[in-house]
Amino acid sequence: METIFSARCLSPLLNIKGSCSSTKPKANSNPLFCNKPITSSLRKNQSLSLKLSSPASTSWFTHAQQGLAALAISLALNLTPLWHSGNALASEFDVLNEGPAKESFVVDDAGVLSRVTKSDLKQLLSDLESRKNFHINFITVRKLTSKADAFEYADQVLERWYPSVEEGNNKGIVVLVTSQKEGAITGGPAFVQAVGENVLDATVSENLPVLATDEKYNEAIYSTAKRLVAAIDGLPDPGGPKFEDNKRESNFKSREETEEKRGQFTLVVGGLLVIAFVVPMAQYYAYVSKK
């Protein structure tokens, strides 16, 4: 029995070193009488692996929470409307706050003017300022939300940009509102006197609204500038387009055309009704008479 359960025979299987080579078996060294099972080492390794992996999983969960929180804050900032006084994001307020253009005579906030038009305006108006000492600003905005019309907004721009009478005496403001298809011209006393009330009224009622209706914004602005410059230089008024000359053909029919079409329609419908009722009755009569 001793040879069967000797430590030498079991040592190759259990890889027991040192103490198992002695002839006298010890209770502590004999693997058959171990107090703890062999599988306990596997449980320790499993528990250790769980402990080691738990910080990584916790860290991943923490990063996920932080990412979701950052995403929620970003969405809240982007989707929440800004409640300032009035419509603080409207383009008309940006024009008021930024002031007149330093390198040009145009503030194209609506973005409807081409580079060629801006260059031609700069050349025309800079020449006027150098000769006559009159400065004209052209402004385009998409819509107005703070003022009732373009005239009130033009006066507001003049007062904001040139607070004193001395500063705005020889200044002119031309405003074109693209969505409303209207414009306005205002300025200091010297500017209004140099241009004249007739030319101012004609330009506001002809050049700006007529051409803006056809979305010819570049032509509307540049023709207005040439007309104002000609008036300041004392040249003959080149005039502007008229609503009658620029009137589009209507798609609606006249009363006479409507009555004529209505008579033709009545005749056609009546003929179809007659055919729909008479022809089946005639066929039925012919079928019965044969019997």
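Helices α8 and α9 are roughly antiparallel to each other, a label used for angles over 145 degrees. This is a predicted model, where local features need pLDDT of at least 70, side-chain atom pairs count only at pLDDT 80 or more, and totals for chains, interfaces and linings use all residues. Residues are numbered from 1 along each chain as its sequence is written, and side-chain values use heavy atoms, leaving out hydrogens and water.

**α8 with α9**
- Helix α8 covers residues 197–213, and it packs against α9 at an angle of about 165°, with the axes 8 Å apart.
- Axes here are lines fitted to C-alpha atoms, for helices over the stretch in contact, and angles run from 0 to 180 degrees between N-to-C directions.

**α4 with α9**
- The axes of helix α4 (residues 115–132) and helix α9 (residues 217–232) come within 10 Å and cross at roughly 15°.
- That makes α4 roughly parallel to α9, the label for angles under 35 degrees.
- On the α4 side, the contact includes L121, L124, L125 and L128, while α9 brings residues including Y222, A225 and V229.
- Sorted by class, the contact of α4 with α9 has nine nonpolar, two polar and four charged residues.

Technical notes:
Helix = DSSP H or I, 4+ residues; strand = E, 2+ residues; numbered from the N terminus. Parallel < 35°, antiparallel > 145°, perpendicular 65-115°, else oblique. Contact = heavy atoms within 4.5 Å. Nonpolar A, V, L, I, M, F, W, Y, C, P; charged D, E, K, R; others polar.
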